[in-house]
Amino acid sequence: MEFSPLQPGLLLKRYKRFLVDVELADGTLVTAHCPNTGAMTGCVDTGARVWLSTSANPKRKLAHTLELVETDRGRVCVHSSLANKVVAEALAAGAIPPLADHTQCRAEVRYGQGSRIDFLLSGGIAPIYVEVKAVTLLLDERLGAFPDAVSSRAQKHLDELENVVRDGARSALVFCVLHEGIQRVAPADHIDPAYGAALRRAVQAGVEVYAVATEVTPKSLKATGLLPVVLSETDRE
């Protein structure tokens with residue numbers, strides 16, 4: 001996916017979860033929307049170079065949105081909902097080979113207990129329910145982790161993906177890696193051990209798990225291939 005022209009600046013601070021203060025290249029100070037509800041550990045350090053999008057919609061309270069952050073370990077897209085656009089393009093291009101067996105892709109389809117699946121793939125041997133999660137938390141040794149904060153909602157999604165498998169369809173969790181420094185993905189057991197346990201249980205039940213690497217630039221986001229997913233502590237070494 002391509003960005004509209006982004007403005008560079010320097011991050012001054014993030015506060016109230018959804019707000020960041022940024023100094024633009026010309027010295028102008030602006031408050032921008034932060035489209036990420038997570039902890040964003042390592043992605044919102046004061047003084048970091050950032051890129052903002054700008055909306056001409058007069059009904060918006062804030063014209064600017066924080067999109068990218070430059071860290072000492074790689075560029076990061078912090079606009080987590082863009083992960084769905086990256087994965088949608090990857091699915092359409094057949095860039096996730098295990099999920100290429102489909103002719104139709106529908107987004108935001110109702111299923112489970114009042115939930116919506118990110119993508120429902122059909123036209124193959126069996127329908128495939130695909131849930132997408134954005135990964136921006138980088139630990140040591142190029143290891144990315146999800147979630148970056150306790151998330152009962154993410155655990156609920158895993159439970160529903162398990163139910164899909166029990167009903168005879170396929171289901172897949174796709175970690176969309178939006179940090180260029182990440183080379184492997186694992187559950188963040190040190191942050192949300194319940195999620196890690198639920199993920200391993202889901203895999204044992206037949207839920208498929210994949211991680212997609214993304215090239216992050218001020219011009220575009222593009223899926224570049226699959227990364228390893230490691231589920232146990234011993235596999236991370």
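Colleague: Which pLDDT limits apply here?
Modeller: The model is predicted; local features need pLDDT of at least 70, side-chain atom pairs count only at pLDDT 80 or more, and totals for chains, interfaces and linings use all residues. Residues are numbered from 1 along each chain as its sequence is written, and side-chain values use heavy atoms, with hydrogens and water left out.

Colleague: What volume does the largest pocket have?
Modeller: About 780 Å³, taken as the space filled by probe spheres set on the grid points. A pocket is an open set of points on a 1 Å grid where a 1.4 Å probe fits, with protein on both sides within 12 Å along at least five of seven lines.

Colleague: Which residues lie nearest its centre?
Modeller: Thr37, Ser80, Lys133, Phe146 and Arg153, out of 31 lining residues; lining means having an atom within 4 Å of a point.

Colleague: How does the lining divide by residue type?
Modeller: There are 12 nonpolar, 10 polar and 9 charged residues. Strand S9 gives the largest share of the lining, 5 residues.

Colleague: Turning to the largest nonpolar core, which members touch the most others?
Modeller: Val87, Leu99, Val130 and Leu221, among 28 residues. Such a core joins buried residues (under 20% relative accessible area, 1.4 Å probe) through side-chain atoms within 4.5 Å. Its largest share, 6 residues, comes from H1.

Colleague: What does Val130 touch?
Modeller: Leaving out residues up to four places away in sequence, Val130 touches Leu99, Ile117, Asp118, Phe119, Leu121, Ala172 and Val174, with contact meaning heavy atoms within 4.5 Å.

Methods:
Helix = DSSP H or I, 4+ residues; strand = E, 2+ residues; numbered from the N terminus. Nonpolar A, V, L, I, M, F, W, Y, C, P; charged D, E, K, R; others polar. Buried < 20%, exposed > 50% of the residue type's maximum accessible area, 1.4 Å probe, protein only.
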